Amino acid sequence: MRPFKYSKATNAAGAAKAVAGNKNAKFLSGGTNILDLMKEDVARPDELVDINGIASSQIRSTPAGISVGALAKNTDTANHPLVRENYPLLSQAILAGASEQIRNMATNGGNVMQQVRCLYFYDTAVNCNRREPGSGCSAIVGLNRTYAILGWSEHCVAVNPSDMAVALAALDTKVNIQMADGKTRTIPFTELHRLPGDAPHDDKALAHGEMITSFEIPKNKFAANSYYVKVRDRASYSFALVSVAAALELNGKTITTARIALGGVANKPWRAFDAEKFLAGKAATKENFEKAAELELKSARPLEFNEYKIELSKRAIVRALEKAV
Amino acid sequence: MKYIGKAMSRVDGVAKVTGKAKYASEFDVKNVAYGYVAQSRIAKGRIKSIDVSEAERQSGVVKVFTHLNAPKTKSSDDDFFALQSDKIVFSDQPIAFVVAESLEQARFAARLVKAEYEEEKPTSDPRSAPTVDSRSPKMRGDAPAALAASPVKFEAEYTIPIEHHNPMEPHAGIAFWEGEKLTIFIKSQGVQAFQGHLAKCFDIKPENVRVVSPFVGGAFGAALNPHYITFLTASIAREIKRPLKFNYTRRQMFTGHGYRPYTWQKVSIGAEKDGKLRSVIHEAVGNTSTIENFTESPNGFGRTLYECPNYHTPYKIAKTDLPTPTWMRAPGAVTGAFALESAIDEVAYQLKIDPVEFRLINYSEKDPETGRPFSSKALREAFKQGAAKFGWEKRKLEPRSMRDGNWLVGWGVAVGTWGAGQAPATVRIALSADGNARVGSATADIGPGTYTVITIIAAEFLGVDPAKVKFELGDSDLPNAPMQGGSITTASVGTAAQGAAMAIKTKLVGLAQKDANSPLAGASVDDVEMADGTLSLKSNAAKKVAVADVMKANGMTEIVETFTSTPNAERRNYRTQAHGAQFVEVKVDEDLGIIKVTRVVEATACGRIINPKASHSQEMGGVVWGIGMALQEETAVDHRYGRMMTTNFATYHIPVNADVQSVETAFVDEEDKIVNPLGIKGMGELCLVGIPAAIANAVFHATGKRVRDLPITLDKLI
Ligand SMILES: Cc1cc2nc3c(=O)[nH]c(=O)nc-3n(C[C@H](O)[C@H](O)[C@H](O)COP(=O)(O)OP(=O)(O)OC[C@H]3O[C@@H](n4cnc5c(N)ncnc54)[C@H](O)[C@@H]3O)c2cc1C
Ligand code: SF4
């Protein structure tokens, strides 16, 4: 590891200001991702600003829904009664990720901000646009079995690895952000992650020094009809090849509202807006689910080794919707 | 027998779980410096220039070594040694070694080493690398002609990727010199082999080298060879005149100790309509490096297993710009078994014969290579017991014919076999008058339970409680023992331990009989029983004398005997093999391709079982390993760079608990008087051999899809 300065902020505004003031500074929350990246020499901050304990680690109900602290641990979030009862989709998605030990350390803010798991990003001996802008993407014609089928560019084909983010995207979450100038702002969760375009190194909607303080999930009627499907290479402790968060509001056999998001297929949690629109007002049948899946994957483009993901995504959407019903 | 054959917990278990057991890097050595390697970014070429000035300037850095100033080996073996020249032969090859006051300082400074290369295009894909013929046994009969004449023909190709052992404990060493005397604590499966290696490298007497490795956190073949870590640690310690500690990181484990080679295999089978095999041609090409010719015997696997008059096993190795492979659990056999036992299954389906039945039709009653009998072969019984335990008779022959809701159910079977080897070994036992015994031999315990099993054997034949026996291993100063590899340890060291205990008994009976009035007067050693500190006549237990009294009468406090066992000459007239029948149930999600191994039954015929508890544990380990090999493990190489890319546990998958469900084992009674007096055959590799094929066969039974390229990941099924 390279030498770095460690400091502890006393409040969110202070933390944002400290990081904004040093272009090589980073926030430290659970540390399960950033420290690994530093050990591999992939991330090279010269300062870590510890934010544990300075922003909310609470999960509480609000008039509009619930507020989930950015510094709450993944484990505590997944097991919180408010989450379990009202947002089981979120609980399932978190518990499908990583391992118990990592979830005990990982925070919600760190989870949604975690880096891609691209093999080439992790290996400083090879080129990667995300690590070294302009150096080239090694994965696009490389070992890309686990890479993106949607929204990738010739500059980057990596996928966002977070499970939690897939559920948050499906649940119309809003993100509260502390800015460096002391002000705060709020954005829809679906805008937090960006497609790689020509700037994969800058794929989050946060300016340097902006810190996530909490997530707001609105009230909904999905609790009885939601499901998280995760397809992966082993039964636990591995990232999604494809995952689907599906939530339905049903009126008898008819779908009033559908929410679907996919993980493992793009550089961001992929909200399946087309599929959702198609399903609204339709009967909850396998046939309709298949049509919706077909529609959503129309724009998918495979790489050399990941064509299977297109069919797998469709089937996973159908499975998640069937289970949700 | 009193202790042999009874389940016993590991004698070193408490030390291990309480952290008292010291692994190589945990020894406290004063004033130790830390080393870390900088590694090559390229796979082939040479170092044009290397700049260590920035690294050397960092605080805490003691010295930086490169090929320009590192000590050179005096050994002429073609092993890979680090920092010997400017030549780069694989990616991540060490190019510099930084020594610092702390590991962190060394690691950081290593990053600041800058090298310029003259780069050549590497060939890491064995499919396009030049091959050389390797030694393979003579063809039996005329396999091509017999194949051409067979009414039933089959041919298919199979591949396995590079796989790594990935023991939990990374390789680690601490070395220090006292004058001309070297001591090194290092992860090792054979301390005396390492001792010999170091003596050669430094051109010093083996007596001047002490290699210590009492506990090993898994090795599976990764620590059979000394690899570059051993000489590098020892030689740099001498250079800096200070104790030195060097550990591999997980990433460095991928290029620091070898791996199971990539192997391409083609199996051609000719058979009669009734299922009788007429010809097998089993070809194999495995990869090696450009600097060493590593060979194993992937295609030899079936030569003794099936009665087939024509058998041919041509074998080649492909010279790739990668590090040299090495032996990895069940080397060769599990590779060959995956191909042959899959192919056998395929032919059985072609003929619509139950796969167990098909194997019994071709069962070899004697060694088809030589016509000699097997010293024992209870494979038929293993099939019977395994099938009964598994419920095989309920199986439907047709693929895709069994279901459990969304899940397709598949049942598969395969056979494992492994040579029942033995090597010369020496054990020293010191029995004291108070009944405590110290037993020593320079073997290793990399996890199978050697501490326990030798304790049991010594206790049995000394007639003392196992709690009174202390077995020491993993120190080159102890009596000679072979490396722990090839599943020969219990047969070798166990036989020597029995011999040493018997020698003590013989000595004691002789001493007792010096007294003319001894109750044992006139009895032969075999007439005497030694148990619970007394020697008594088997025919009349009342005639007895206390061991302590015999020693006292002879003015002794301790009896020391050293015994060297060698393999029984009778073995030459027999084929000595262990066998197993391995049954697997898988469930496959029809839409999503997810594969679960829900049930495994291993029925094993491997001679006498000394410790059923540890044996069950070994067999479970083999199953888990087989699940990994069949479904998950792959060291992916990006051939553009000749570089291994899945070099951590997030990307190199091995099974987690949730991947392992029911594993049952059965040990078939198998008495073998030929292999050694106790009839021990070994099982550590055997238990893995058939598992990947059995899983592949079960996946076919479930889905109707035959996957011939490991690992069987779900994308290959949808
Ligand atoms: C082997 C392994 C397997 C895994 N498997 C999975 C999996 O299957 N699914 C899954 O979803 N995840 C998985 N993970 C990832 C794990 O979920 C993340 O490492 C974890 O969620 C990160 O949280 P953290 O608090 O430790 O973040 P940190 O490592 O502390 O931070 C991560 C990044 O976020 C930034 N950051 C942290 N907090 C904030 C904030 N409040 N505002 C703005 N920026 C912030 C940091 O500066 C840093 O850049 C796995 C991890 C490992 C090591
Ligand atoms: S896919 Fe993205 S992260 Fe991976 S090498 Fe290409 S640019 Fe880097």
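In the predicted model, an oxygen atom of ligand 1 is placed 2.7 Å from an N or O atom in the side chain of A:Thr32. Backbone atoms of chain A also take part. A polar backbone atom of A:Phe27 is 2.6 Å from an oxygen atom of the ligand, and for A:Asn33 a backbone N or O atom is found 2.8 Å from an oxygen atom of ligand 1. The protein buries 95% of the 980 Å² that ligand 1 exposes when taken alone.

Three elements of chain A give two or more residues to the shell around ligand 1: α2 (34-39), α7 (108-113) and β8 (211-218). Of these, α7(A) provides the largest share, with 4 residues. In total, 31 residues surround the ligand. The closest are A:Phe27, A:Gly31, A:Thr32, A:Thr107 and A:Asp163. By class, the shell comprises 14 polar, 13 nonpolar and 4 charged residues. The site is shared between chains, because the residues that surround ligand 1 come from both chain A and chain B.

The two chains were next examined where they touch each other. The contact involves 34 residues of chain A and 33 residues of chain B. Together the chains bury about 3,000 Å², with 57% of this area on carbon and sulfur atoms. On the side of chain B, the residues that lose the most area to chain A are B:Arg111, B:Leu592 and B:Met645, which together make up 20% of what that side buries.

Between chain B and chain A, 7 salt bridges are counted. B:Arg111, listed above among the residues of chain B that lose the most area to chain A, forms a salt bridge with A:Asp41, in which the closest N and O atoms are 3.6 Å apart.

Within chain B, α3 (103-110) and β28 (637-638) each contribute at least two residues to the side that touches chain A. The composition of that side is 15 nonpolar, 12 charged and 6 polar residues.

Technical notes: Residues numbered from 1 in each chain as written. Chains lettered and ligands numbered in written order. Predicted model: local features only at pLDDT ≥ 70, side-chain atom pairs only at ≥ 80, totals over all residues. Heavy atoms only, no water. Contact = heavy atoms within 4.5 Å. Buried area = accessible area lost by both parts, 1.4 Å probe. Salt bridge = Lys/Arg side-chain N within 4 Å of Asp/Glu carboxyl O. Nonpolar A, V, L, I, M, F, W, Y, C, P; charged D, E, K, R; others polar. Near = heavy atom within 4 Å. Polar contact = N/O pair within 3.5 Å; in protein donor to acceptor, adjacent residues only side chain to side chain. Areas by Shrake-Rupley, 256 points an atom, 1.4 Å probe, with all protein chains shown as cover.
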